[in-house]
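Visitor: I would like to go through this structure with a guide, taking one question at a time.

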Amino acid sequence: MTVCDNAKAFGPLLPARGSLLALDVSKRRIGLAGTDHERRLATPLATFERAGARRDLERLQRLVRERQAVGLVLGLPLNMDGSEGPMARTARAEAASFASGLALPALLQDERLSTFAVEDAIAEGRLPRPRNGQPVDHYAAMVILEDALRALYQ
């Protein structure tokens, strides 16, 4: 399936309705967020520990079916100057693998400062404070998804 670098290319690949699933992918975890079928609201879903490519894909396939997802949004970790480093290249490879394995189009969304946005939202009380070191990757996925929705529907 297609992996897009911008919302203008991604939008036409989507049906009029259907949820999007966002992934904040790292070496150890995948944070997940999703939209409603009208793509108006982004909701943090869960964070899970990676368990190998095949098991990660099986887990995501179940979630895609449950949520009736029609597209993926994955964070693209660009350098602060907008250039791509090794992490961005890894993210591109992961996006291609997930898009193919899930048979869904994917959007690579700039994720710069998403962690800071999550930290600010927690500090301001807009997101619940995680308990004793719980991961917040699903919150980062939500921020990435909100940015993608703004880019898609501006």
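**Salt bridges and overall build**

Visitor: How many salt bridges does a search of the whole structure find?
Guide: The model is a predicted one, and side chains of opposite charge can pair when their charged atoms come close. When the whole structure is searched for such salt bridges, the number found is eight.

Visitor: Which residue forms a salt bridge with D137?
Guide: D137 lies in helix α5 (residues 137-153), and its partner is in strand β3 (residues 29-35), 108 residues apart, so that the pair links distant parts of the chain. Both residues of the pair are buried. The closest N and O atoms are 2.9 Å apart, and the partner of D137 is R29.

Visitor: Is R50, which forms a salt bridge with E94, buried or partly exposed?
Guide: The salt bridge between E94 and R50 has its closest N and O atoms 3.0 Å apart. The pair links distant parts of the chain, with E94 in helix α3 (residues 86-102) and R50 in the loop between β4 (42-49) and α2, 44 residues apart. Buried would require under 20% relative accessible area, and because R50 has 22% relative accessibility, it counts as partly exposed.

Visitor: In which helix do E58 and R54 both lie?
Guide: The side chains of E58 and R54 meet in a salt bridge, at 2.9 Å from N to O. E58 is partly exposed, with a relative accessible area of 31%, whereas R54, at 57% relative accessibility, counts as exposed. The two are four residues apart, about one turn of the helix, and the element in which both lie is helix α2.

Visitor: Which residues form a positive surface patch, and where is R55 placed?
Guide: R55 is exposed, with a relative accessible area of 51%, and that is over the 30% that a patch residue needs. The positive surface patch is formed by R55, R59, R62 and R65. As for the place of R55, it is in helix α2 (residues 53-67).

Visitor: What is the radius of gyration of the protein chain?
Guide: The protein chain has five helices and six strands, which from the N terminus on run β-α-β-β-β-α-β-α-β-α-α. For 154 residues the globule rule gives 15 Å, and the value for this chain is close to that, so the chain is as compact as a globular protein of that length. The radius of gyration is 14 Å.

Visitor: What percentage of the 154 residues in the protein chain is buried?
Guide: The C-alpha atoms fill a box of roughly 40 × 35 × 35 Å, taken along the principal axes. Residues count as buried when they have under 20% relative accessible area, and in this chain of 154 residues they make up 43%.

Technical notes:
Residues are numbered from 1 along each chain as its sequence is written. This is a predicted model: local features need pLDDT of at least 70, side-chain atom pairs count only at pLDDT 80 or more; totals for chains, interfaces and linings use all residues. Side-chain values use heavy atoms; hydrogens and water are left out. Patches are made of residues with over 30% relative accessible area and no salt bridge: like charges are joined within 9 Å, nonpolar side chains (Val, Leu, Ile, Met, Phe, Trp, Tyr) within 5 Å. Accessible areas come from the Shrake-Rupley method with a 1.4 Å probe; for residues, only the protein chains shown count as cover. A salt bridge is a side-chain nitrogen of Lys or Arg within 4 Å of a carboxyl oxygen of Asp or Glu. Lys and Arg count as positive and Asp and Glu as negative; His and the chain ends are not counted. The place of a charge is taken as NZ of Lys, CZ of Arg, CG of Asp or CD of Glu. Buried means under 20% relative accessible area, exposed over 50%, partly exposed in between (1.4 Å probe, protein chains only). The radius of gyration is taken over C-alpha atoms; the globule rule is 2.2 Å times the number of residues to the power 0.38.
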